[in-house]
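Subject: The structure you asked about

Hi there,

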Amino acid sequence: MLLSWIWALIALSLSLDPVSGAYQQRPFIRPPIPHLDVEVPPSLASTTEGSNITALRNLQVHHPPIVPKGGKACQVLLLQHAFAFSYYDPSIVDYSPPLECGEPGSWAAVVLNLTVTVNGTQFDRLGSISLDHVEIWRTSTAEPTKTGIIWTAFKDVTRFMSLLAKNGTLMFDEGNIINDRYTGIFDTTLSATFYAPTPDFLAPASADVVIPLSTLSKTQSQLFIYPGETETNVTFPINAVEAYVEVLASGAGEEEFWYTNTPDSFVPYFDPDAGLIGKGPFREVQLLIDGKLAGVVYPFPVIFTGGANPLLWRPLASLRAFDVPSFWIDVTPFLPLLTDSQPHSFSFTVLGQGIGSPSVNNNWALTGSIHIRVDETLPKTRTTGKILSYYAPPTSVVSTAGHVASDNSTVSTLVNARRLLSISSRIETGSGMKVVDFTQELSFSNRQEYAEGGGVEKVIQTTEATTTSTHAGQLTLSDISFFPLTISTNYSSYPSSFSASIGPYSYDRSLLPPLITGGVGSTTKSSQSGDAVLVRSGDGKSYTGVSETEERYEYRNERGDTFVQVVRAGNSTIISDVSSGTLAERSAQMVDQQSGEGILINKKSCHVVYAFALGQFATES
């Protein structure tokens, strides 16, 4: 009874103006009133020094960085920038490695720290950080409140050691617009911490060369935008003996929520005013070398913080919204063709289900980086060999089916896809001969159920993938992932009311990254579920609503590190946050340092306790 009374008191205020055409999405996933202005519960408050402004602290659940304990660490400020009118205007600064923590390139770990504050009204924005044209972190923003929000995220970038060890150019690209309606400016601080090795935490292996697959622009974004040009010409070292491509891909515009798109053959059953986007929900990102398929990615369905219902993601961010995951493809089997001192074409394409070409909508943001190990034998000997077997069909096997009620009252669709890829080569180097086997097996299923002319929709999707590579019988890359997604929305009474629910929504992945990158094998299991409801007030100027989101995060690695965190949030408040495992104390210390006195931390049990505070939401007339 008391809880029901509390929920009834909560009020939200949203801008009722339509979303600008450049960003408008159909109501299912992005309502045209996504901007929520709230006063921050004191349990999550963070006050900037010298200011009386209280900011809501947002968070994304993640294990703390794996770094040495007790050794020397050097923190370097890399960049401070306010992203306001920032489309086609990235922040570009010079980068120099520190000298205080040992010889550049000898570090045990390098971790980036990104802290952002913003207040006002603004969309979530995609961010990209690159070093010498290599994208090292793809992120996005939280949607702000009038009184402001703040968040901090960390990224282990140790695998880019060969870039970090020398002077270079750092670019932070985050397009943003400021006008009378959208007032949020993202005040951004980016720093890096360099950790010296210790006796029990040595410097890891790292690639000798890292080559960008990007626009290579000196002044503009490094992101390829597909449909569009995605080609990079690359000349390999003649003595390359291993090579892996790290791929980053995320949808934007009509492809931001690609997993909710309707198969073309069923779009005519809906009124155009329903706003359904076609070309189906299946997407395959392909890497091509000289026009030949080298590997694929079935992307993870990131829901950015304005998706479905912004209340779901405040203050608990959606899975991987602050750290879009990358995927690995072993291109070592192609080395006999690539080490001839000639430029070779590396390009990306994205396949969907649309009729005609391109088969996807606008657009996809794509980059990659090639991590290469060279043979140390002197004099340098060109790597040669032969591709022994090649099985890589040009497309996945995709099937589409569905059912339409006789009166069109309900529509259901089912899309299934499956992909097998296998490439084997004999590689002859200055150090000897080896056989390399690279295989991928992927599957995808997406069921969509519509009612009320598309105003009610449910998506049930699963994506499974196994990628492995062996060199001379030794496992050098293993990636086993399972990404289930269930999301429902009800906009049948919009704008009077609308609701969204999610769960299970999971990122389950066991990853052994390429050994030449020094990565540690690990397993991550994170899952979210939640509900959000908004009801329009009588005067039409505000909404009342409730929300609740819960996440369980589990992590372990081959070093023996473990971390479990369970967080429950509701109405812009963290209700409970409990962590355990060998990394829990380090995580609690990081939270304590970032959050100030608004959070009580019991170090003994590593139980982070938040006072439950009622979200008092401002009304904008």
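Thr145 has a relative accessibility of 0%, so this residue counts as buried, the cut-off being under 20%. Please keep in mind that the whole model is predicted. Thr145 sits in the loop between strand S9 and strand S10 (149-156). Its C-alpha is 6.5 Å from that of Thr121, although Thr145 and Thr121 are 24 residues apart in sequence.

Strand S9 itself (residues 134-140) is where you will find Ile136. Ile136 is buried too, at 4% relative accessible area. From Ile136 to Ser369 the C-alpha distance is 8.9 Å, while the sequence separation is 233 residues.

Now to the disulfide. A disulfide is a covalent bond between the sulfur atoms of two cysteines. How many disulfides does a search of the whole structure find? The search turns up 1, formed by Cys74 and Cys101 with their sulfur atoms 1.9 Å apart. This pair connects distant parts of the chain, 27 residues apart: Cys74 belongs to strand S5 (residues 73-83), and Cys101 to the loop between strand S6 (91-95) and strand S7 (109-118). The torsion about the S-S bond is about 95°, so the disulfide of Cys74 and Cys101 is right-handed. Are these two cysteines, Cys74 and Cys101, buried or exposed? Both Cys74 and Cys101 are buried.

Next, the charged pairs. Side chains of opposite charge can pair when their charged atoms come close. The count of salt bridges comes to 13, and here are a few to look at.

One of them joins Glu135 and Arg138, with 2.9 Å between the closest N and O atoms. Both partners are buried: Glu135 has a relative accessible area of 4%, and Arg138 has 1%.

Another is the salt bridge between the side chains of Glu255 and Arg283, at 2.6 Å from N to O. Where in the chain do Glu255 and Arg283 lie? Glu255 and Arg283 are each in the loop between strand S16 (240-251) and strand S17 (284-289), and the pair links distant parts of the chain, 28 residues apart. Glue your eye to the accessibilities here as well: Glu255 is buried at 0%, and Arg283 is buried at 1%.

The closest N and O atoms of Glu441 and Arg418 are 2.6 Å apart.

S25 spans residues 432-451 and includes Val435, which is partly exposed with a relative accessible area of 31%. Together with Leu388 and Met433, Val435 forms a nonpolar surface patch whose accessible area is about 260 Å² in total.

Finally, the empty space inside. Rolling a probe the size of a water molecule over the atoms shows where empty space is left. Which residues line the second largest cavity? Among them are Val296, Val297, Tyr298, Phe327, Trp328, Gln440 and Leu442, and the lining also includes Ala465, Thr467, Asp479, Ser481 and Phe483. Strand S18 (292-297), strand S19 (327-330), S25, strand S26 (456-471) and strand S27 (474-490) are the elements that give two or more residues to this lining. Of these, S27 gives the most, with 3 residues.

Happy to go through any of this with you at the screen.

Best wishes

Conventions. Residues are numbered from 1 along each chain as its sequence is written. This is a predicted model: local features need pLDDT of at least 70, side-chain atom pairs count only at pLDDT 80 or more; totals for chains, interfaces and linings use all residues. Side-chain values use heavy atoms; hydrogens and water are left out. A disulfide is a pair of cysteine sulfur atoms within 2.5 Å. Helices (H or I, at least four residues) and strands (E, at least two) are DSSP runs, numbered from the N terminus. Buried means under 20% relative accessible area, exposed over 50%, partly exposed in between (1.4 Å probe, protein chains only). Patches are made of residues with over 30% relative accessible area and no salt bridge: like charges are joined within 9 Å, nonpolar side chains (Val, Leu, Ile, Met, Phe, Trp, Tyr) within 5 Å. Accessible areas come from the Shrake-Rupley method with a 1.4 Å probe; for residues, only the protein chains shown count as cover. A salt bridge is a side-chain nitrogen of Lys or Arg within 4 Å of a carboxyl oxygen of Asp or Glu. On a 1 Å grid over the protein atoms alone, a cavity is a set of points where a 1.4 Å probe fits but cannot get out, and a pocket is an open set with protein on both sides within 12 Å along at least five of seven lines; lining residues have an atom within 4 Å of a point.
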